[in-house]
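Here are a few friendly notes to read alongside the model. Keep the structure open and find each piece as you go.

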Amino acid sequence: MDTKGEPVISLRGVRAELGSRPVLRGIDLTVHRGEVVALLGANGSGKSTAVRSVIGQVPVTDGRIELFGTDRRRFRDWRRVGYVPQRTTASGGVPATVTEIVSSGRLSRTRFGILRKADHEAVRHALELVGMADRAKDSVNALSGGQHQRVLIARALAAEPELLIMDEPMAGVDLASQEVLARTLREQVALGATVLLVLHELGPLEPLIDRAVVLRDGCVTHDGPPPHAVGQHALPGHDHVHPHAPAGAEPIRTGLLS
Amino acid sequence: MDFLDYAFMQRALLAAVLVGITAPAVGIYLVQRRQALMGDGIGHVAMTGVGLGFLLSWSPVWMATAVSVLGAVLMELIRWYGRTRGDIALAMLFYGGMAGGVMFINLAPTGSNANLNSYLFGSLSTVSESDVTAICVLAAFVVLVTLGLRRQLFAVSQDEEFARVTGLPVRALNLLTAVTAAVTVTVAMRVVGLLLVSALMVVPVAAAQQLSRSFAATFAIAVAIGITVTIGGTVTSYYQDVPPGATIVLLTIAAFIALTALAAPLARRRARALAAAQPAGDPAECAIPATRAADHGVDV
């Protein structure tokens, strides 16, 4: 299953600390072109830190990160990456319209921040994708949490990225927005997008996900098909056995279901 | 309009209008980043520059510019590196700047507290020809940055993390904002004074927000308010012999109160229209119970 396409994101032995507390203790993670990978784990397992290290928000103390085959520190082609941060309740101190927010996602494709006709069209198209075109001129402060999340996704889509990185896109999102979100993501995947998602649970996105990587205490404890909490898997204490693990290897205790 | 016949009034009005444009133009980014008091901090640091200017007999305006730019860069670096003790470091910078100003001006042969006062609270009628030149040059820089880079500065001020992923040079833009704010402080110093500078950066933006839904409109209205109050305050001080800096600031606050009173019914009507436009069955935030239930299935 590791031979789908060239790696778009590659982490090798990545370690990171917040303060002096180790948050990532040498994780390996590869996302191939066209794959949809979910990063799962409890709060504090390091899943947010892992994606934030990919985009250079968290200083890495050891290991190697590559984006599209380029060392992350030398990577400059940010137009290929669409990032949806974990939604914070705090918005800016000045009102801004939906269009203004989404337009800033287009900056990676403009020179000197000058928006041309094609840029305005891309912004409008991104808003249509998430079903927010009719709210284009509204202040983001007037939106619900789910609508706000859709705006942030439109902002990432405005640059027409090949890779989408989303940090908990479903957190605190109403059901209607969850459906829109799942549909949008499905369309992007159909168009060939590569997706790395941080998720608290698989939820409505489950059918989309090719592979799940589970983090626990800053280590990868599972890398394979998304875990299903059905049948015998739902039994307490169930251990996930890697299909390609060496014979006789200790079954990986994901701790997912216990 | 007889006040226009006097050269000192022409200079005062020009300086005042430039402040009315530049202060809100920078202030809007500071307010957006929730650093509304940064202007105040820079104002304190600039006092050391004024004091040094007197001590070394150099132009206090240019000296204040140099020192406050240095101070602003230092503040930005403290914000960047110092996570937990950042506020203490900033406080020391502010008070050190203020104390330094008082000290230097007293050491200066030509300096006196009266001199310092004209920088603390503004002294429009003593704005000289060379002051006006300096203010024009500095204001041009501020306008160029705040308008020319408005999309970049907006993105960085709105969401620094996202801005970095769009490939914007976030650190450089942050430093540029800090430097521009510092330059604005010294532009405004002669008009409203270092202690009141921050008011012109923040209050017009706060007032404009009462009416606007977009960043662009907030920007335009804030600058319009800035120009109105600086002209209004300058002309009032000519006829009434009141301190122009204080008059301008009080007018700005009056504008804020008036617009807030005006906007309350407007906002209510807008909210009603919005509620009417929403479909009746629009689900509110009801995903939380579902999330909790699923947590037990998948999470550790």
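This is a predicted model: local features need pLDDT of at least 70, side-chain atom pairs count only at pLDDT 80 or more; totals for chains, interfaces and linings use all residues.

1. Strand S1 (residues 7-18) and strand S4 (residues 60-67) of chain A run antiparallel and are joined by six bridges. To find one pairing, look for A:Ala16, whose bridge partner in S4(A) is A:Val60.

2. Now widen the view. Strands of a sheet pair through backbone hydrogen bonds, either parallel or antiparallel. In chain A, four strands form an open sheet in the order S2-S1-S4-S5, and the pairing is antiparallel. Strand S2 (21-32) and strand S5 (70-71) of chain A each have a single partner strand, so these edge strands have one side without a neighbour in the sheet.

3. Which strands does helix H1 of chain A lie across? Helix H1 (residues 47-54) lies across S1, S2 and S4 of chain A, and runs at about 65° to S2(A).

4. Next, see where the chains meet. The contact takes 43 residues from chain A and 39 residues from chain B. On the side of chain A that touches chain B, strand S6 (81-84), helix H2 (98-104) and helix H5 (175-190) of chain A each supply at least two residues. The residues on that side of chain A divide into 20 nonpolar, 17 polar and six charged.

5. Finally, turn to chain B. An unreviewed UniProt entry lists several stretches of chain B as "transmembrane region", including residues 12-30 and 215-239. Residues 12-30 of chain B are 100% helix, with end C-alpha atoms 26 Å apart. Residues 215-239 of chain B are also 100% helix, and their end C-alpha atoms are 36 Å apart.

Notes. Residues are numbered from 1 along each chain as its sequence is written. Chains are lettered from A and ligands numbered from 1 in the order in which they are written. Two residues are in contact if their C-beta atoms, placed from the backbone, lie within 7 Å. Ala, Val, Leu, Ile, Met, Phe, Trp, Tyr, Cys and Pro count as nonpolar, Asp, Glu, Lys and Arg as charged, and the others, Gly among them, as polar. UniProt positions are given in the numbering used here, feature names are shortened, and annotations may be inferred rather than shown by experiment. Two strands pair if DSSP finds at least two bridges between them. Axes are lines fitted to C-alpha atoms, for helices over the stretch in contact, and angles run from 0 to 180 degrees between N-to-C directions.
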